[in-house]
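Work through the exercises below with the model open beside you. Try each task before reading its solution.

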Amino acid sequence: MLTFRSPASPGRTPRIRGLLSCPRILLAVALLALSLCAAQAGKESRLQMRFGVDMARRGSWKEAQYRFERALAVAPQDARVLNNLAVAYENNGHYARAQQIYLQALEHGPDNEKIRANYERFRIFYTDHLSSLQEQKGEESPEASDEDSQDG
Amino acid sequence: MTSTGRRPAAAGVWLALVFLPWFPLVAGSVQVPIGLPLPSRLDVSGVRTILITHHVEGDHPHLELSQEMVDLLRRTLERETDFEILTVEPPNLPEQTVEDLLKNAEFWRSIGRRYGADLILSGEVLFDTENRSGFVAEDYISPVTGQRVRRTRYAEQEAFDLSLQVFFFSGETGELSYRDRFTEEAQIEGDPVDHLHMFYAMMNRLEPEFLGILKPRKRQETRYLFTD
């Protein structure tokens, strides 16, 4: 057990040095530090996610999108965060970006049935939407038109 | 002996310390409604005034289909859009086939200039009715025996078939800007229904699709959001 003494007291430095010289303890300390960092990031991500979902349920989808983007900044490979962001992009009319983010979500969570269900519904809608735009605008690129008309 | 007994417990503690912070990530989801924005199907930038002309109409024993369409479209566009719908006697169409009318840019340009219309709305409306009364087979549960019994009975039935084509022309050039086609079918059993009432009911069902030509709309769907 560690005992803390005044800086002047002899014997402390050798004792800590002795503890830190043990590889197992060093590894444990490193893992604990890593774990605490991850926990902090996870906590931040969860806070942003919860707030984002709350905003989405109230219909404030621009705010929800912002919160999911913040959550993604601290958890860039979290399939759930990616899914939520894709849904927000869909609702805000950024369909090409939504598709890109859905594909990333599926890459990180290939077995998540809810993400798959969301993507399948989106894919049906988006295919139909693109073909409508193609019919209307002839040879003009529908992808570019879609983002131009909806972004901003 | 003591060291072997403590090792599994110590390992468990360390594993818990490392993985415990991630545990809350295993959490729930909610289903939320979303509205997918769709742009108007016709580019209406620069359009301020719309002229509605008479329509090519099919034969109907009781209804003046073209006049009904003009009145209905005028009211709908006034109520649902910000365009100025010109309140003039609707211009008549030349005696031409629909395909020839679509190519008659000179005619559309001339009425566009005469009435000061940025956009001209015309179309073709067909409203067919058919008496489908006759004997129909149906199953019912006998109140005496409680068994399912098949019987035939005479049923009054009337079928309605509405077909609407809409054409939008540029008032400036007379060129066709957009065309679309909508259809609606209904079959009513029982006492005969008023045809005008049916016509309006069926047009009412087409209204959201029709308005989607001129104004952006949202398609309602649902998606899953993860709460943690």
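**Exercise 1: Confidence in chain A**

The model is predicted; chain A averages a pLDDT of 81, and 66% of its residues score at least 70.

Task: Find where pLDDT stays under 50 in chain A, and state how many contacts beyond four places in sequence the model has there.

Solution. 
1. One stretch is residues 139-146 of chain A, where pLDDT stays under 50. The model has 11 contacts beyond four places in sequence for this stretch.
2. Another is residues 148-152 of chain A, again with pLDDT under 50. Here the model has 5 such contacts.

**Exercise 2: The make-up of chain A**

Task: Describe the elements, burial and contacts of chain A.

Solution. 
1. Count the elements: chain A has 7 helices and 0 strands. From the N terminus on, the order is α-α-α-α-α-α-α.
2. Take burial next: of the 152 residues in chain A, 28% are buried.
3. Turn to contacts with a separation of 6 or more: 44% of these in chain A link residues 24 or more positions apart.

**Exercise 3: Pairing around S5 of chain B**

Task: Which strands pair with S5(B), and in which sense?

Solution. 
1. Start with S2 (residues 49-52) of chain B. It runs parallel to S5 (residues 119-131) of chain B, joined by 3 bridges. B:Ile52 has B:Leu121 as its bridge partner in S5(B).
2. Move to S3 (residues 56-57) of chain B. S3 and S5(B) also pair in the parallel sense, over 2 bridges. B:Val56 stands opposite B:Glu124 in S5(B).
3. Finish with S8 (residues 157-170) of chain B. S8 and S5(B) pair in the antiparallel sense over 13 bridges. B:Glu124 has B:Gln165 as its bridge partner in S8(B).

Key:
Residues are numbered from 1 along each chain as its sequence is written. Chains are lettered from A and ligands numbered from 1 in the order in which they are written. This is a predicted model: local features need pLDDT of at least 70, side-chain atom pairs count only at pLDDT 80 or more; totals for chains, interfaces and linings use all residues. pLDDT is the predictor's confidence in each residue, from 0 to 100. Two residues are in contact if their C-beta atoms, placed from the backbone, lie within 7 Å. Two strands pair if DSSP finds at least two bridges between them. Helices (H or I, at least four residues) and strands (E, at least two) are DSSP runs, numbered from the N terminus. A residue is buried if 20 or more other C-beta atoms lie within 10 Å of its own, exposed if 12 or fewer, and partly exposed in between; C-beta atoms are placed from the backbone.
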